[in-house]
Amino acid sequence: MVERSEQILLEQARAGDEESFARLVDTHAGRLINLGWRMTGSREQAEDLAQEAFLRLHRSLGSFRGDSSLSTWLYRTLSRLAIDHLRREKLKRKIFFFRGADSEQADPVDIAPDPGAGPGEALLAMETGQRVRRALQQLSPQQRAVFTLRHDEGLSLQEIADALQLSLGTVKAHLHRAVTSLREELHDLRERIGS
């Protein structure tokens, strides 16, 4: 039923109904921004990437055939935009030793205390969140995209393969490398959290 109403909105948007397109944006914006934020580590970048994904959708309305669902199309577009962004940022750092001032600031979610936790637990949760975020930033853009789509968005391996236009074997390889890398980087956390 959701897909049917989405198809109706797509048809109306193709006919020039801007309100229908705005409803599609409202439906998908939150999840896209969250995906972009997890991939880039920057809320501002995530919003820019989501905006670009919606602009591309608007430009492609006439040619969007619906071979995949709209959410799959948007995930694929945003993931590719994020991977390209991360590659450009990595290249900038290598060539110019560039690092934005904002990248040093802690993420508000990382420093927000859990209202039900005591001071020690809140500190541990904040430190854990920062370490996990740093470990994710060390993954390659493809590994980060696959890991985020699998564990944060709950997509199946086949859905990830479709979204990123990769083979299923390549998705499995990226996910295995990401998990192995994160386990190595964060192996001490299990002991600290368990104690």
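**A quick briefing**

Averaged over the protein, the pLDDT of this predicted model comes to 81, and 79% of the residues score at least 70. The secondary structure is made up of 10 helices and zero strands.

**How confident is the prediction?**

- Among the elements, helix 3 (residues 43–60) comes out on top, with the highest mean pLDDT at 93.
- At the other end sits helix 5 (residues 108–111), whose mean pLDDT of 46 is the lowest.
- The pLDDT is below 50 over residues 96–112. Leaving out near neighbours in sequence, that stretch still has 19 contacts in the model.

**The overall picture**

- Walk along the sequence and you'll read the pattern α-α-α-α-α-α-α-α-α-α.
- The protein has 195 residues, and 34% of them count as buried.
- Take the contacts between residues at least 6 apart in sequence: 64% of these join residues at least 24 apart.

**Helix 7 meets helix 8**

- Helix 7 covers residues 141–152 and helix 8 covers residues 157–164; their axes come within 10 Å and cross at roughly 135°.
- That angle is why the two, helix 7 and helix 8, are described as oblique to each other.
- As for handedness, the crossing of helix 7 with helix 8 is right-handed.
- On the helix 7 side, the residues that make the contact are Ala-145, Val-146, Leu-149 and Arg-150. Their partners in helix 8 are Leu-157, Ile-160 and Leu-164.
- Sort the residues of this contact by type and you get six nonpolar, no polar and one charged.

**Zooming in on Ile-160**

- You'll find Ile-160 in helix 8, and with a relative accessible area of 0% it is buried.
- Not counting residues up to four places away in sequence, Ile-160 touches Val-146, Leu-149, Arg-150, Leu-155, Gln-165 and Val-171.
- Arg-76 is 84 residues away from Ile-160 along the chain, yet the C-alpha atoms of the two are separated by 8.4 Å.

**And on His-28**

- Is His-28 buried or exposed? Its relative accessible area is 12%, so His-28 counts as buried.
- His-28 belongs to helix 2, which spans residues 18–40.
- Setting aside residues up to four places away in sequence, His-28 touches Glu-6, Phe-54, Leu-70, Ser-71 and Leu-74.

Methods. Residues numbered from 1 in each chain as written. Predicted model: local features only at pLDDT ≥ 70, side-chain atom pairs only at ≥ 80, totals over all residues. Heavy atoms only, no water. Axes fitted to C-alpha atoms, helices over the stretch in contact; angles between N-to-C directions. Helix = DSSP H or I, 4+ residues; strand = E, 2+ residues; numbered from the N terminus. Parallel < 35°, antiparallel > 145°, perpendicular 65-115°, else oblique. Left-handed = near helix turned anticlockwise from the far one by under 90°. Contact = heavy atoms within 4.5 Å. Nonpolar A, V, L, I, M, F, W, Y, C, P; charged D, E, K, R; others polar. pLDDT = per-residue confidence, 0-100. Buried < 20%, exposed > 50% of the residue type's maximum accessible area, 1.4 Å probe, protein only.
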